[in-house]
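Work through the exercises below with the sequence and model at hand. Each task is followed by a stepwise solution.

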Amino acid sequence: MYIESAKLIFFIPHANSLKEKRQIRRSIVDKTQRRFNVSVAEVDTQDIHKTLTIGIAVVSGDAAHAQNSLNEIIRFMEENTDAELTTVE
């Protein structure tokens, strides 16, 4: 069993409230979970309205498949949100 994980930090320049941030978070988390069936959650910076920190976990029987899936998920999230991806750990 192979586990790949990542922490993504997005900057949301147009978010003026936590409510606007939550709408963006809900949208990208739901889209990602529906498309890839992986674990995705906000893991930090819950009280900072311009910063969104998302954690992703992928489990697979093959190391290459897990890494490729994680890379595809990161690319998908970057392309399907109004926020700017600033950091991937």
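**Exercise 1.** In which sense do β2 and β3 pair, and over how many bridges?

Solution. This is a predicted model, in which local features need pLDDT of at least 70, side-chain atom pairs count only at pLDDT 80 or more, and totals for chains, interfaces and linings use all residues. Residues are numbered from 1 along each chain as its sequence is written, and side-chain values use heavy atoms, with hydrogens and water left out.
- Strands are DSSP runs (E, at least two residues), numbered from the N terminus, and two of them pair if DSSP finds at least two bridges between them.
- β2 and β3 are joined by 5 bridges, in the antiparallel sense.
- Within β3, Ile-56 is the bridge partner of Val-40.

**Exercise 2.** What is the strand order of the open sheet?

Solution.
- The order of the 4 strands is β2-β3-β1-β4, with antiparallel pairing.
- β2 and β4 (84-88) are the edge strands, each pairing on one side only.

**Exercise 3.** Is Thr-45 buried or exposed?

Solution.
- Thr-45 lies in the loop between β2 (39-44) and β3 (51-60).
- Buried means under 20% relative accessible area, exposed over 50%, and partly exposed in between (1.4 Å probe, protein chains only).
- The relative accessible area of Thr-45 is 16%, so Thr-45 is buried.
- Neighbours within four places in sequence aside, Thr-45 has contacts (heavy atoms within 4.5 Å) with Lys-21, Thr-51, Leu-52 and Thr-53.

**Exercise 4.** Where is Met-1 found, and why does Met-1 count as exposed?

Solution.
- Met-1 belongs to the segment before β1 (2-11).
- Met-1 counts as exposed because its relative accessibility is 77%.
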